[in-house]
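Could you walk me through this protein model?

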Amino acid sequence: MNNAIPTQAQIVIIGGGIVGCSTAYHLTRQGYTDVVLLERKELGSGTTWAAAGLVAQLRQNQEMTNLAKYATQLYATLEEETGVATGWVEAGAIGVCQTEDRRREWLRGAAMARAFGIDMHEISLKEAEDMVPGMSSEGLVSAFYLPKDGQTNPLETTQALAKGARVKGAKIFENTLVTDIKMKNGAVCGVSTDAGDIACDIVINCAGMWGRKVGKMVGVSLPLAAAEHMHAITKPIKGMPTVFPCVRDFDGRTYFKSEVGGILFGGFEKVAKPWGMKSIPESFKFSELSEDWDQFEVFMDCGLERFPALENAEIRHLSVVPEGFTPDNAFMVGEAPGIKNFFVGVGMNSVGIASAAGVGRAIAQWVDQGYPEEQLWPVDVRRYFPWQQNTQYVHDRVVESVGILYEQHFPNRQRTTARPVICSPLHERLKANRAAFSMIAGWERADWFAPEGVEPEFKYDWREPNWLAYQKAEHMAVRESVGMYDLTSMGKYIVQGPDAEDFLQKLCAGDMAVPVGKIVYSPILNEKGGFETDFTATRFAEDTYFIVTAAGTVVRDYDYIKRRIPADARVTITDVTHGYAMLAIMGPQARNLLQELTDADLSNEAFPFRTAQEIDLAYARPWAFRISYVGELGWELYIPSNFATGVFDAIMEVGKKYDLKLVGMQAVNSLRMECGYRHWENDITPEDTPLEAGLGFAVSFKKGDFVGKAALMAQKEKGLTRKLVQFTLEDPQAKLYANEPIYRDGVQVSQITSGAYGFKVGSAVGMGYLENPAGITNDWIKAGKYEVMVEGQLIPATVNLRASYDPKGERTKM
């Protein structure tokens with residue numbers, strides 16, 4: 001390693017664990033040679049060294065799966081490239097199921113794996129026992145095999161990545177502590193260390209469980225905390241092979257891998273033990289924590305069931321080390337919001353070895369071109385809010401988040417710790433009406449409403465969750481009468497100033513040069529024409545626009561827009577999310593109900609679709625937007641927050657006459673699915689264009705230049721090769737959620753982007769992209785025979801070029 005640190009570098013990486021070394025390695029592969037990596041002690045001495053070294057490919061979404069898949073490719077060749085032994089072996093993995101519910105999850109997981117290009121299939125219990133001598137299948141109902149999963153030596157792999165980076169020019173300094181990060185004009189400009197200062201253009205935080213502390217140096221919220229993670233290693237056991245497939249028993253919360261003729265086993269307990277919340281000892285290096293055999297008991301119990309030889313085996317060592325975990329059990333990657341040129345790759349949630357290769361590559365791409373090659377929203381650091389670095393919140397959530405990895409991953413599974421955080425002004429009203437609450441971005445939202453005599457508690461199931469009947473009633477009320485839901489959680493910004501129109505015209509694909517009171521649905525595109533976000537913008541005044549975006553993307557969208565305001569532009573953006581409550585009144589009777597509460601003329605002629613007016617309603621003056629995300633006549637009311645309860649009470653009172661029903665988020669989702677309304681992150685992403693997504697109507701090609709226009713023009717001229725369509729299943733009992741494989745004429749061609757049950761159409765509804773390199777046409781789409789894989793069964797499906805419900809979109813304009 002180098003001795004004297006330089007005074008200047010282009011890029012400084014903080015942290016020499018496997019993520020930091022991977023980032024240095026991949027930056028040098030992008031052609032960057034002026035890279036300095038600073039490690040507070042020795043490479044891999046934080047948590048990397050004690051990892052089990054498992055490289056499991058299948059993760060909870062395609063984005064994280066792709067990152068892990070890449071690791072199996074890189075680690076397999078790293079030793080040959082660098083000359084440093086990594087211990088890589090393609091041992092495979094077996095997932096075992098103790099219950100039918102777990103088998104259903106793994107059947108869906110196998111289908112998802114197939115959609116993601118991973119070999120995963122069900123095997124017999126006898127085959128599982130043959131692959132893993134000494135394993136007992138007693139009490140199991142099924143097993144699944146992933147032949148391409150692997151194992152590697154974490155410390156040796158880190159050293160190989162470090163050598164690969166050094167060979168290409170990177171400089172690595174151990175025993176160098178970063179004490180501060182310098183900023184100028186909203187951007188990082190250097191770091192201070194105990195060995196001197198380094199001026200630089202870019203700083204990358206790969207500091208592992210110290211990542212939150214490093215983030216605070218520049219005021220960036222990185223909600224992560226360490227928790228104890230443990231595994232035991234036995235001495236050699238007679239008859240155990242040197243290498244066998246890793247065994248994962250999610251029901252027993254335990255994994256097993258081969259370890260020098262013995263067994264290494266540990267897992268992810270339901271109630272974890274956060275550690276180091278106040279501080280981490282300065283001397284921490286290759287350190288272990290005190291043994292806790294009581295905490296380890298759940299893994300020992302499972303071990304004795306799955307490997308009976310453990311009864312007489314001798315435990316050589318119980319390893320207890322801290323690892324960094326995040327509130328949602330997904331890591332944080334990307335350029336941090338609110339500051340330029342500060343990137344992060346932290347909070348690995350015990351999958352750092354498997355994910356480091358992909359994370360390092362993604363950060364290198366992000367640094368090089370301003371974005372990664374594939375969208376990474378599930379792990380994007382901008383999904384987190386500033387308040388989430390609150391110490392008590394992080395502590396309480398980490399108690400639960402450690403166990404998320406091995407829990408039952410039912411659809412709509414809710415977290416139970418660190419709640420409530422943010423409540424709508426109407427929360428107590430909704431609670432009194434028996435709402436069961438879900439949570440997004442800290443907001444408590446009514447998910448569904450329980451009738452009298454039923455507790456508003458979630459009971460999860462892959463096929464018939466307990467809220468399905470109540471969701472149907474809410475869904476049908478909106479379709480046939482009138483319903484009301486609270487979406488105060490939606491993000492809201494004011495963009496204003498003399499140059500507001502000109503700025504938005506260049507940023508947005510839609511035409512923003514509209515009269516006051518007009519609502520515009522518009523994408524914001526990247527240079528490739530893909531969706532960076534989509535929102536509605538309502539012109540409040542000549543110099544003022546009111547923008548509404550999704551609750552979960554408030555930080556991301558705000559940061560994306562603000563970064564693109566020219567320095568000399570007379571434009572500001574202000575987050576006013578908490579200043580307005582939002583109530584949506586939707587359904588055929590919405591006009592009649594609201595007309596009794598206002599003297600404003602709500603007729604089609606006086607109040608057309610996609611327009612907004614400030615109206616009198618009860619004792620308030622809300623903005624009424626005639627817009628809908630559920631495909632029915634209705635208005636969204638944006639109410640100054642301190643007036644919200646009065647408006648709610650007035651609507652509920654008049655609503656008795658119209659059988660008004662309160663509606664939760666589950667019904668909102670199933671309603672939008674029937675109408676084919678897209679959802680950013682699932683159906684539209686930075687990799688999808690409006691033309692492919694069937695949203696060309698939202699693009700104004702007649703106006704001047706805007707970001708992404710050239711790419712869309714080229715796509716129009718060349719012709720489309722992929723298109724988003726809707727599917728309805730012919731089996732009325734089957735359920736769609738997301739990532740189920742789509743088959744055309746017996747060949748797997750795509751996967752469901754999002755799904756729900758369509759109660760009005762009487763079947764599950766899902767969307768997905770179809771692709772034909774020779775050109776996609778409606779005739780080609782309709783000529784195919786389609787099926788969707790659900791829990792291991794191919795279910796015939798009908799393809800819809802337009803929405804299965806109200807295909808012409810007439811009901812919103814009644």
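Before we look at how helices pack, you need to know what an axis is: a line fitted to C-alpha atoms, for helices over the stretch in contact, with angles running from 0 to 180 degrees between N-to-C directions. Helices (H or I, at least four residues) and strands (E, at least two) are DSSP runs, numbered from the N terminus. A quick note on the source: this is a predicted model, where local features need pLDDT of at least 70, side-chain atom pairs count only at pLDDT 80 or more, and totals for chains, interfaces and linings use all residues. Residues are numbered from 1 along each chain as its sequence is written, and side-chain values use heavy atoms, leaving out hydrogens and water.

Now find helix H11 (residues 468-480) and helix H16 (residues 665-674), whose axes are 9 Å apart and pack at an angle of about 55°. That makes H11 oblique to H16; the rule is that angles under 35 degrees count as roughly parallel, over 145 as roughly antiparallel, 65 to 115 as roughly perpendicular and the rest as oblique. On the H11 side, the contact (heavy atoms within 4.5 Å) is made by Gln 471, Glu 474, His 475, Val 478 and Arg 479, and on the H16 side by Gln 666, Ala 667, Ser 670, Leu 671 and Glu 674. Sorted by class, the residues of this contact are three nonpolar, four polar and three charged. Here Ala, Val, Leu, Ile, Met, Phe, Trp, Tyr, Cys and Pro count as nonpolar, Asp, Glu, Lys and Arg as charged, and the others, Gly among them, as polar.

The class count for the contact of H1 with H8 is 10 nonpolar, five polar and one charged residues.

What about helix H12 (residues 500-507)? Its buried residues are Ala 500, Phe 503, Leu 504, Gln 505 and Leu 507, where buried means under 20% relative accessible area, exposed over 50%, and partly exposed in between (1.4 Å probe, protein chains only). Among the elements covering them are strand S24 (491-496), strand S25 (519-525), strand S27 (544-549) and helix H13 (554-563). Helix H13 also holds Arg 556, which counts as buried because its relative accessibility is 4%. Leaving aside residues up to four places away in sequence, Arg 556 touches Trp 377, Asp 380, Arg 382, Glu 532, Trp 680 and Pro 686.

Let's finish with the backbone. Most residues other than glycine have a negative phi, and most peptide bonds are trans. Yet a cis peptide bond joins Arg 419 and Pro 420, with omega about -5°. You'll find Pro 420 in the loop between helix H9 (391-401) and strand S20 (422-423). Val 260, not a glycine, has a positive phi of about 50°; this residue lies in the loop between strand S14 (254-259) and strand S15 (262-267) and is exposed, at 65% relative accessible area.
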